[in-house]
Amino acid sequence: MTTPPALLIAGHGTRDDAGAEAFRAFVRELGRRRPDLPVAGGFIELSPPPLGEAVAELVRRGVRRFAAVPLMLVSAGHAKGDIPAALAREKERHPGLTYTYGRPLGPHPSLLRVLERRLAEAVDPSWDAAEVTVLLVGRGSTDPDANAEVFKAARLLWEGRGYAGVETAFVSLAAPDVPSGLDRCARLGARRIVVLPYFLFTGILPDRVRTQTEEWAAAHPDTEVRSADVIGPEPELLDLVLERYEEAVRGDLRMNCDSCVYRIALPGFEDKVGLPQQPHFHPDDDGHHHHGHGHAHSHSHAH
């Protein structure tokens, strides 16, 4: 029987030790669930192990083929540029190595179910969903397509669940920020708000969401505000990563190009059309001098 390709998990990285350990524990759990697969995981920046070290670990284990899955909810700069550039660099470092690249997780129905559970845990059991306004808070990006994906998740979460509404905000790099998002909910008449972080694991940014929520709530005592937890290493997340792995192995890849800033002239971003996606290299990666792979999201490619 042919040995299946190994599984490489690529993470953002975080300065939060608990968040980094949550990622590493998740990778270990994936390995336990699929003992037939060599599984490794690494980060693009900020925390160990770096992605290159994870690839080297697979190579030491005799791996010649792998499928890489970005453990990310939206396709922003890391998923579109940095990870493909890092993988191209590793292929150069390890001759004979081949790989396929999977797509980010996205607002998959199974993750929406987890978000619904997080909301149920945060609210008072006596509350009617029709009285609850949800503020879904994403990471935030300079990529409009990535930010639009968070709005898509918010709309899908709203559909059919009976909430008064699901609004969207971002904790960095994009408007509206968390206080502005809460202000919007209040102006729309919300009296009960649940702030729901659209993050996989704990970390500095989800902590900032909670802190900003608490500060806003203290200044608005007439509004009931609750904070929900992050998605976490739920069975649905493990299943979805393995689904993305199987897609990558089959070659069933469907990156979104319809609103990609490098293909379509979006207002305010017209100068990016046709440009190669230039990944930013990180000082903790000893391969940062290989600038030749900065075209990972180039539009000569059928991504």
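**View 1. Ala-148 is a partly exposed residue, with a relative accessible area of 39%.** Partly exposed sits between buried, under 20% relative accessible area, and exposed, over 50% (1.4 Å probe, protein chains only). This is a predicted model, where local features need pLDDT of at least 70, side-chain atom pairs count only at pLDDT 80 or more, and totals for chains, interfaces and linings use all residues. Residues are numbered from 1 along each chain as its sequence is written, and side-chain values use heavy atoms, with hydrogens and water left out. You'll find Ala-148 in helix α5, residues 144–158. Helices (H or I, at least four residues) and strands (E, at least two) are DSSP runs, numbered from the N terminus. Thr-168 is 20 residues away from Ala-148 in sequence, and their C-alpha atoms are 9.9 Å apart.

**View 2. Asp-222 is out in the open: exposed, at a relative accessible area of 72%.** Arg-191 and Asp-222 are 31 residues apart in sequence, yet 7.5 Å separates them from C-alpha to C-alpha.

**View 3. Helix α2 covers residues 51–60 and has several buried residues.** They are Leu-51, Ala-54, Val-55, Ala-56 and Leu-58. After α2 comes Gly-62, with a positive phi near 90 degrees.

**View 4. Stepping back, the chain has eight helices and eight strands.** Of its 303 residues, 53% are buried. Take the contacts (heavy atoms within 4.5 Å) between residues at least 6 apart in sequence: 75% of them join residues at least 24 apart.
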